[in-house]
Number of protein chains: 10
Amino acid sequence: MIDKHTAGLVIDEARQDRGLTWNRLAEIIERPPVWTVSALLGMHPVPQAIADVVRDELGLDEDIAKALTRQPVRIGPTDISADPTIYRFHELIAVYGAALKALIHEEFGDGIMSAINCSVAVDRGTHPDGDRVRVTIDGKFLPYAWNASEG
Amino acid sequence: MIDKHTAGLVIDEARQDRGLTWNRLAEIIERPPVWTVSALLGMHPVPQAIADVVRDELGLDEDIAKALTRQPVRIGPTDISADPTIYRFHELIAVYGAALKALIHEEFGDGIMSAINCSVAVDRGTHPDGDRVRVTIDGKFLPYAWNASEG
Amino acid sequence: MIDKHTAGLVIDEARQDRGLTWNRLAEIIERPPVWTVSALLGMHPVPQAIADVVRDELGLDEDIAKALTRQPVRIGPTDISADPTIYRFHELIAVYGAALKALIHEEFGDGIMSAINCSVAVDRGTHPDGDRVRVTIDGKFLPYAWNASEG
Amino acid sequence: MIDKHTAGLVIDEARQDRGLTWNRLAEIIERPPVWTVSALLGMHPVPQAIADVVRDELGLDEDIAKALTRQPVRIGPTDISADPTIYRFHELIAVYGAALKALIHEEFGDGIMSAINCSVAVDRGTHPDGDRVRVTIDGKFLPYAWNASEG
Amino acid sequence: MIDKHTAGLVIDEARQDRGLTWNRLAEIIERPPVWTVSALLGMHPVPQAIADVVRDELGLDEDIAKALTRQPVRIGPTDISADPTIYRFHELIAVYGAALKALIHEEFGDGIMSAINCSVAVDRGTHPDGDRVRVTIDGKFLPYAWNASEG
Amino acid sequence: MIDKHTAGLVIDEARQDRGLTWNRLAEIIERPPVWTVSALLGMHPVPQAIADVVRDELGLDEDIAKALTRQPVRIGPTDISADPTIYRFHELIAVYGAALKALIHEEFGDGIMSAINCSVAVDRGTHPDGDRVRVTIDGKFLPYAWNASEG
Amino acid sequence: MIDKHTAGLVIDEARQDRGLTWNRLAEIIERPPVWTVSALLGMHPVPQAIADVVRDELGLDEDIAKALTRQPVRIGPTDISADPTIYRFHELIAVYGAALKALIHEEFGDGIMSAINCSVAVDRGTHPDGDRVRVTIDGKFLPYAWNASEG
Amino acid sequence: MIDKHTAGLVIDEARQDRGLTWNRLAEIIERPPVWTVSALLGMHPVPQAIADVVRDELGLDEDIAKALTRQPVRIGPTDISADPTIYRFHELIAVYGAALKALIHEEFGDGIMSAINCSVAVDRGTHPDGDRVRVTIDGKFLPYAWNASEG
Amino acid sequence: MIDKHTAGLVIDEARQDRGLTWNRLAEIIERPPVWTVSALLGMHPVPQAIADVVRDELGLDEDIAKALTRQPVRIGPTDISADPTIYRFHELIAVYGAALKALIHEEFGDGIMSAINCSVAVDRGTHPDGDRVRVTIDGKFLPYAWNASEG
Amino acid sequence: MIDKHTAGLVIDEARQDRGLTWNRLAEIIERPPVWTVSALLGMHPVPQAIADVVRDELGLDEDIAKALTRQPVRIGPTDISADPTIYRFHELIAVYGAALKALIHEEFGDGIMSAINCSVAVDRGTHPDGDRVRVTIDGKFLPYAWNASEG
C-alpha cells in the first residue's frame, strides 16, 4: 500500500522526466493549477476519472492511481513551514492577520473566511520595479451561526 | 512612553467611540485599508504627517501620535494565530504551501514572493452560494541571487 | 477600556453574588446556555440589546456592557486545556479523532464539520450506573469546494 | 510482530478492496461505528471473537487478528491534530471548553465527564441551510471524590 | 475579586505567621493532609463550612474565604514541574509508567486508575539506610466502557 | 546488536505466546512485579543470572539476553505520556505536586524523595463503590546537603 | 509578602551598594560561595540565624529576611538557560553527557550522581594560555536500589 | 557510508565483547577518559593514528575507523537529556547556574567559561556517608572582547 | 529517486575520498565557496552544466547529478542549530539582533536585509591574539513598500 | 532598582527626544556602533566612565547610569527572533550554517568562531541593483582543545 505522500513524490518525478509542467498537467486534467499540485502531492482526494488520466499520462502503476483517490490526512510528512518561500506567507499572516480579521469583521460581521470552500490562485503581475507574484485567496464568508439540526 | 501596541488599543477605542470604520479612516489618511489597520495597530511606522491627521481626527494625545511614528518590532503582544479567523489563513498555507512553492518556482524560477515589497487587500466577492472574502497578496518576486557589494 | 476577559470575570462574580445560575441567565436573555456562558466570558460579540439586559440584570457598569459588544479574539488569557475537566474532551478527540474523520468522510464525502456554523449543548443523561454528561456538537457539513467569486 | 497501527492500515486497505464501508463492518461485528473504527485502527483491544470475525470477513492473516487483541498505547503514530477535519473539534473545545466546564459544574457539581466510560456517535442532521454533522459525546459524570481503599 | 491562587498565598503566609503546620490545619478542618493543602492552595473548591473555619482560624478576610469556595481551574499559575522535589515524581512516571500500565491491564483489564475518584497520602517509612517518603495513590479502577444514556 | 527496547517487545510477545503473566514472570525471577516489567522492557540493567532465566523460560536468543544486561538509557522510544492510563498519573502530580512538596518539607525538611533509591508497587484495593488501583511509591528521603569529598 | 526572587534582587542591590563581593558575604556567613549566592538569590531556604546576619549586614527589612527562610520553588522567574555564560554549561552536558553516564556506570555501577547531596565550587586555575574557570561538582553516588520501608 | 553515531554503537559493542573498560581503552590510546568516550561515540574527530589503534584493538572494519576521523555534528541522534543520570547535571545548572554566573563575573569579569577549550574529568571521592562522583569542568575564561581582524 | 540531502552525503563522501577540499571544488565549478557547499549539500538548485561537472569530477551516478538540479526545500533533514559551531551564530543574532535592527533602520529606513539576494563569505583574519573567522553577510536592503501589480 | 532593559527603553526615548542617532551616540562615547546599541539596550555592562557620559549627554537619572554598569543577563525581555528584520539573519544561518561549519573546519580545523571575542559591524554597500546591508562578524577561531589547569 503506497501512501499519498510517496505517490506524490513518484508523480512529481515522472512529471519531470516527461518534461511536463504542473500548469500543463493542470490543463490536461482540466483543473486549476493550485488544486492540481496540491491534489497530486496528496492533499486532496482525486476523483477516479482524473486519477486514471494522470496514471495514463505519466505511465504510473495502478497503486499510485489508487493512492490518489484515497481520503487524505491533510498534514505533510515533514514540517516545511520554515522553507523561505513558504515562511514568507506565514510571516505575512503574522504581520497582517489582525488587520485582515478587523476588516473581515467590519465588512461581513463576526465570522471567518472558509478554508474549505475556498480556492487559491497564483499569477504573474507586472510592475516597473519587477514582476510580482499575485496570490488570490477566495473563500466563502462564514458568519458565526448558532444553528442546530431540526427535529 | 506608550508602546505601539497600547497606542493601537487606544486608537481602536477612540475610532469606535467616534463611529469611524477602519475603511473610512483609511480614506481620511488616503492609505489602503490593510496598511491603515496594521500601521495604526502598531505593525508599521507611520509618517509624521499621517500621525498628525490621525491624532486630530481621533482627538488623541501627542504621545499616541509619537508612538505611531516609531519603528515597530513586528511581533504581537500575544500570539493570536489560534484565533479562528486568523488560523484559517495559516491552515491554508499548511495545506497549499507546497503547491504555491511549486508554482512560483515553475513560473518565476528559484526564489520567493517578497513579504516586504508586498501589499494585501481584502474585498467582497459574490457567488450564488453566498458572498466571499477575497484576499489578494501581491508581492515582488525575488530570485535567489548571489550578489555582493561592489568595490 | 476593559477587555472582554476581565469583563467576563466581573460578570461571573456579579452573577454568583446575585445567586443566578448560568442556566437562569441564559433563560433571561433567551439564548442557549453554552452560547450564553461563552459569550459572557468573552468568546462572542454580544448584541447591544442583550448586553443591556445583562448590564441591568447584574447591575454592571456601562463599560462592561460595552466590552461585551466588541469583537473577540477567540483565544483565552491562559491556556486551560490541561484542566482535567477540559482535558478529557481533548483526549477524546485524540483517541476518537481519526474515527470521526473516517465516518464523516464515509457519510458526507470529503469535508469538515463547521466549528463556526455550529451549536453545542450539554444535558444530563441517565443510566443505572450513574448519571451522564451528554454533549452534543451540531455543525454544518462543509464539503471541500474549489469555488471562486464570480465576475 | 505487527503493531496495532500497521494492522489498522492493512485492515483499512482490505476493507476498501472489498467495498465494505465502516458502517457495514460495524453492523457485521455488531458494534457501534465509532468504536469499530477506533478499535480496528488500533485504539482499543478487540475481543478475540470479534477479531476472528474481522479476520475472516476481510481475509486477513492471523498476526493481524492477534494485533487487534493486544492492549493499545492510545497515542497515534503521528500527530494528526492539525488535519482540518480533526482540528475543528479541538478548536471547538478551545472556544467552548470554559463554558462546558462551567455548565457541567453547575449541573453536576465539581467533577468531570469520563473519557473512559464514554461513547461517541456521529449522525446526520438536517437543516434548510444544509445537512449537519451531529456528534454526541456521552460520558459518565465523575465527581471529585477523596476515597481510599478499605481495610 | 481575589483569585484562588492569591488566596492560597495569603493562607500559607497566615498559617506560617500563626505557627500552624499543614498537618495541624488538616486536623482542625478534619480533612486528609494532601487534600487540605491542595484545596487551600486553590486546587479544589472548599465547602462553605470549612472555608469559614479556615477564615476564623487564620483571621482571614471574607473575600479569601469566598475564593476558597469557588470552582477551580486546576492548573497552576506557573509551571513548577521542574522543581526538583516535584520533578522526581514525573521522572518516576516516565521510567515506570509503561510498567504501571501493563500491570493495571493485567490485574484489572483495559482501563485506567481514576485521577478524580482518588486520594493521595504521604507518610514516613523507616529503613536502616534512612527514613523514607511513602506516597500512596489510591484511585478507583475505571474500565473502558462504551455506555450511553438511556432512553 | 539488538537495542533494549526491541528486546522488550520480543520478550513481551514471547511472554504472551506462552501464556505467562507479568506477575508470574516476576515470581519466576523472584523480583517485584513493577521492577520486572520495567527491567524486561528496557528500563533497568538485568543481572546476568536473571537474564539467563528469562532467556530459558521464554526460549529467547542469546542476543536478547545480552541486551537485557546492558546499561539503559532511561527514555522511551516514543513519548507515551499522553496515553490515558499514564497521563492520569502525570495529571495527579500536576494537581497534587505542590501539596506533596509542602508536606514532604513539613515532615522531613528541605529535600526530595529519591526516584533512584525507590520502589513502586501496584495492588488491588476494595471499596463498596468498586475496586481500586493502589500505587505505592516508596523512596528514600534525601535532604539537601552541601557535602564534598574528603581529603 | 515578598517572594524569594524579589528578595534576591533587593539583596544583590544592597550588596553592591555596600561594595560587598559575594565571596566576602560568604565569608561573613561562613558558607561556601556557590551555596551563598544560590541561597540568597532564592534557591535554598536560609536558616534563621544566617538570615539575621544577612539582614543586619545589608540593612534589610525584616520581610526580606523572612523570605530568605521560606522553602523555595527551585525554578527561576525567567528561563535564563540561553544566557551565554550559563548556556556553555548546558552545551557541555549535551556534548559530554553520554560520556559522563558511561564512566559513572563503569566506575560505580547503575546509578546517578545526586544533585541534592551535592556541592559545587568555582575556582581559578592557571595555564600558560590564560587563566581557567574550574567548576567542581561533587555529588554522592546513588545506586539504583529497589528498597521499601520496613514493617 | 557509516555515520559517526552508528560507528559509536559498533565500537561500544566490540569493546564490551572484548571485556575492555572505557578507562582501559583510554589508557591504550593515551587520552583522557571523558575525551575517549565522547570521541569514540561520535562527538569529536579522532586523529587517524588513534583511529587505527582503535580499529586494530577492537577488530573493526576500515569504514568504522574512517567514520571516527570525520568532523562531527555535535548533536546526538536522540535527545537523552531526560535520562536520569544526565538530567541531574542539567538540573544542577538550572539550580546553580545564576550563582556560577555571578561568581565567574566576580572573579574574572564579564565573560564565560569556554566549552571548547575545556576538559572534563570524573573521579571517585570518598566520604563517610558514601562514595561520591566528582566531576571537574576546567575551561579557559574568555572575556567579552570587541576585537576585530587587523588590516 | 534520491533526495537532495542524501545526494549531498554521497558528494561529501566522494569529495573526501578524492582528497578534494570544498574550496578546490568551488574553484573547479567557478562558484563562491559558501554557495558551493550549500548547493552541493542540497540547499540550492544547481544548474545542469555545473551538476555535470561535479558528476564527472567526483565520478557520481547520473541520479545524483539529477538530484542536484532539483528545486530544494530549504530545511535540513535534522535540526543542527544546537551544534556548537552553528549555535554561536544564532547566539550572536540573539545578543546583537536588536542592535542590527536599530542600525539598519537608522541607516536605511524601515526594512530588512534580504536573505534571498544575499551572499555569504568566510575568510581568515589575523590578530596578535590569534587568527579570526570573518563572516561577511552582504544582502540587498529591501524597504517596506506597499506596491501592487499594475493594471 | 531599574533593570537594564527598562533603562534601555528610557535611553532610546531620551536619544530620540534629543535627535541623536545611535551612530552619533557611538561617536560621543568613542565605541563601535553595534557595541554601543547593544550595551545601551542592556546586553553589555557599560564602564562607569562611559555610563557617566551617556547620563550627562541624555540628561538621565543616576539609577539609569547605574543600571548600565551592572552585569547583564544576555536574554531579551521578549523573544523578538520572529521580527522580520531579525528573522532573516536566523534564516541565513539555517540555510548556510552547515556550509559555514564545513568551511571553518576546512580552513581552521575542528573548532568554532567565538561569539565572545567577537565584533560585529554594519555598513552600506553599493550595487547597481540597489544599496546593500553588509554585516561583518569577526570572531576569534577557537580550536577544540582538551586543556586543563596546571598544578
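How many residue pairs are in polar contact between chain J and chain B? The count is six, both residues of each pair being at pLDDT 80 or more. A polar contact is a pair of N or O atoms within 3.5 Å; within protein, one must be able to donate a hydrogen and the other to accept it, and residues adjacent in sequence count only if both atoms are side-chain atoms.

This is a predicted model, in which local features need pLDDT of at least 70, side-chain atom pairs count only at pLDDT 80 or more, and totals for chains, interfaces and linings use all residues. Residues are numbered from 1 along each chain as its sequence is written, chains are lettered from A and ligands numbered from 1 in written order, and side-chain values use heavy atoms, with hydrogens and water left out.

Two copies of a chain are related by a rotation about an axis and a shift along it.

Now the interface itself. On chain J, 19 residues are in contact (heavy atoms within 4.5 Å) with 15 residues of chain B. About 1,400 Å² is buried between the two chains, and carbon and sulfur atoms give 51% of it. Buried area is the accessible area (1.4 Å probe) that two parts lose on being put together, summed over both. J:Glu13, J:Asp83 and J:Arg132 supply 29% of the area that chain J buries against chain B, more than any other three residues.

Three salt bridges cross between chain J and chain B. The term means a side-chain nitrogen of Lys or Arg within 4 Å of a carboxyl oxygen of Asp or Glu. J:Glu13 pairs in this way with B:Arg70, at 3.4 Å from N to O. On the side of chain J that touches chain B, α1, α6 (84-108) and β2 (132-143) each supply at least two residues. Helices (H or I, at least four residues) and strands (E, at least two) are DSSP runs, numbered from the N terminus. By class, that side of chain J has six nonpolar, four polar and nine charged residues. Ala, Val, Leu, Ile, Met, Phe, Trp, Tyr, Cys and Pro count as nonpolar, Asp, Glu, Lys and Arg as charged, and the others, Gly among them, as polar.

J:Lys66 meets G:Glu13 at 3.3 Å, N to O. J:Lys66 lies in helix α5 (residues 62-69) of chain J and G:Glu13 in helix α1 (residues 4-17) of chain G, so the pair joins two chains. J:Lys66 is partly exposed at 31% relative accessible area, whereas G:Glu13 is buried at 15%. Buried means under 20%, exposed over 50%, and partly exposed in between (1.4 Å probe, protein chains only).

I:Glu106 forms a salt bridge with J:Arg15, with the closest N and O atoms 3.8 Å apart. This pair also crosses between chains, from helix α6 of chain I to helix α1 of chain J. I:Glu106 is partly exposed at 26%; J:Arg15 is buried at 9%. Elsewhere, A:Glu13, A:Asp17, I:Lys66 and I:Arg70 are linked in a network of salt bridges.
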